[in-house]
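Work through the exercises below with the model open beside you. Try each task before reading its solution.

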Amino acid sequence: MLTQAPPQLVAEDLAVELRRMIIEMAASPNGVHVGGSLSIADLLAVLHAEVLRHPAAAGPPVERDYLVLSKGQASAALYAALAATGVLPEAELASYAEQGGRLAGHPMKKLPGVLFSTGSLGHGLSLGLGVALAGRRFGRDSRAFVVLGDGELQEGSNWEAAMAASHHGVDNLVAIVDRNDWQITGRTEDVMSLEPLAGKWAAFGWRVLCVDGHDHGQIRHALTTPVETARPTVILARTIKGRGLPGLADTKKSHSATLDLATRQQALADLAGERS
């Protein structure tokens, strides 16, 4: 089963659908990690509509790509992408975090389109590096894309993977950092400063691309620009946590929330206005 979006569904339309689904999931009794899910909706939309090749294929075809959601708490965004691209029925999104359901609060590898169980922060980049190295070793035309939270970059294991990827010249590895400036306990720069973030990655030998994480043109260009031989790529995507949520956008409160009826209705109305 393939997860590439239908040809008629462009990234801009897919992004709106992902945001709609995330908002609906966040209005359920269990709520979701809505802030970090909305901040990566545009990134996942461009990836699934225009970049990833057969990421949910059951077998190991030569021409396929791999997606690792290292920031597993944003599983609602991934589930929405899987539903929008036909891997999951949209109705199943209502079972998010329910006992016995497939859609856990963090993605589990038993689900089609989920390569690894993630959410224990700091491990996704190492997993993506392993996938990329394996593809190169076996002569496969494949790439690994790893979506990381900015707060999780405070975990040292990320920098071990970054150093190894550069040392081994793994140019089929792309890290995408959701730079929304927040983590569960506050602003990243207050908890443990990450800046100068671009300089850190460059010092580890990575090609660094900085984009507006809600500008599809910039995202598209960064994801499709030719690789630099023997250099992994990191995309630092500046985003807004909880984008589009009245009273919650760019706040710590959006980290994990259950939306009340008024917030849900206003968010959906604002989203519909973007489509018109």
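**Exercise 1. Determine the handedness and the angle class of the crossing of α5 and α6.**

Solution. 
- Step 1: locate the elements. α5 covers residues 124-137, and α6 covers residues 156-167. Helices are DSSP runs of H or I with at least four residues, strands are runs of E with at least two, and both are numbered from the N terminus.
- Step 2: get the handedness. α5 and α6 cross in a left-handed way. Left-handed means that the near helix is turned anticlockwise from the far one by less than a right angle; clockwise gives right-handed.
- Step 3: get the angle. The two axes cross at roughly 25° and come within 8 Å. Axes are lines fitted to C-alpha atoms, for helices over the stretch in contact, and angles run from 0 to 180 degrees between N-to-C directions.
- Step 4: classify. α5 and α6 are therefore roughly parallel. The classes are: under 35 degrees roughly parallel, over 145 roughly antiparallel, 65 to 115 roughly perpendicular, and the rest oblique.
- Step 5: list the contact (heavy atoms within 4.5 Å). From α5 come Leu125, Ser126 and Leu129; from α6 come Ser157, Asn158, Ala161, Ala162, Ala164 and Ala165.
- Step 6: sort the residues. Six are nonpolar, three are polar and none is charged. Here Ala, Val, Leu, Ile, Met, Phe, Trp, Tyr, Cys and Pro count as nonpolar, Asp, Glu, Lys and Arg as charged, and the others, Gly among them, as polar.

A note on the source: this is a predicted model, where local features need pLDDT of at least 70 and side-chain atom pairs count only at pLDDT 80 or more, while totals for chains, interfaces and linings use all residues. Residues are numbered from 1 along each chain as its sequence is written, and side-chain values use heavy atoms, with hydrogens and water left out.

**Exercise 2. Describe how α1 packs against α4.**

Solution. 
- Step 1: read the geometry. α1 (residues 11-26) and α4 (residues 75-84) pack at about 125°, and their axes are 9 Å apart.
- Step 2: classify. α1 and α4 are therefore oblique to each other. Their crossing is right-handed.
- Step 3: find the residues. α1 supplies Leu14, Leu18, Met21, Ile22 and Met25, and α4 supplies Ala76, Ala77, Tyr79, Ala80, Ala81, Ala83 and Ala84.
- Step 4: sort them. Twelve are nonpolar, with no polar and no charged residues.

**Exercise 3. How many residues of α4 are buried, and what covers them?**

Solution. 
- Step 1: count. Ten of the ten residues in α4 are buried. Buried means under 20% relative accessible area, exposed over 50%, and partly exposed in between (1.4 Å probe, protein chains only).
- Step 2: find the cover. It includes α1, α2 (34-39), α3 (41-51) and β1 (66-69).
- Step 3: look at the flanks. Gln73 sits in the loop between β1 and α4. Gln73 counts as buried, at 16% relative accessibility. Beyond its neighbours within four places in sequence, Gln73 touches His33, Ser37, Gly105, His106 and Leu121. Just after α4, Gly86 has a positive phi of about 90°.

**Exercise 4. Is Val34 buried or exposed, and which residues contact it?**

Solution. 
- Step 1: check accessibility. Val34 is buried, with a relative accessible area of 0%.
- Step 2: check the distance to Leu259. The C-alpha atoms of Val34 and Leu259 are 9.1 Å apart, across 225 residues of sequence.

**Exercise 5. Examine the loop between α7 and α8.**

Solution. 
- Step 1: check the peptide bond. From Glu195 to Pro196 it is cis, with omega near 0°.
- Step 2: check Ser193. Its relative accessible area is 42%, so Ser193 is partly exposed.
- Step 3: find its partner. The side chain of Ser193 makes a polar contact with the side chain of Glu189 at 2.8 Å. A polar contact is a pair of N or O atoms within 3.5 Å; within protein, one must be able to donate a hydrogen and the other to accept it, and residues adjacent in sequence count only if both atoms are side-chain atoms.
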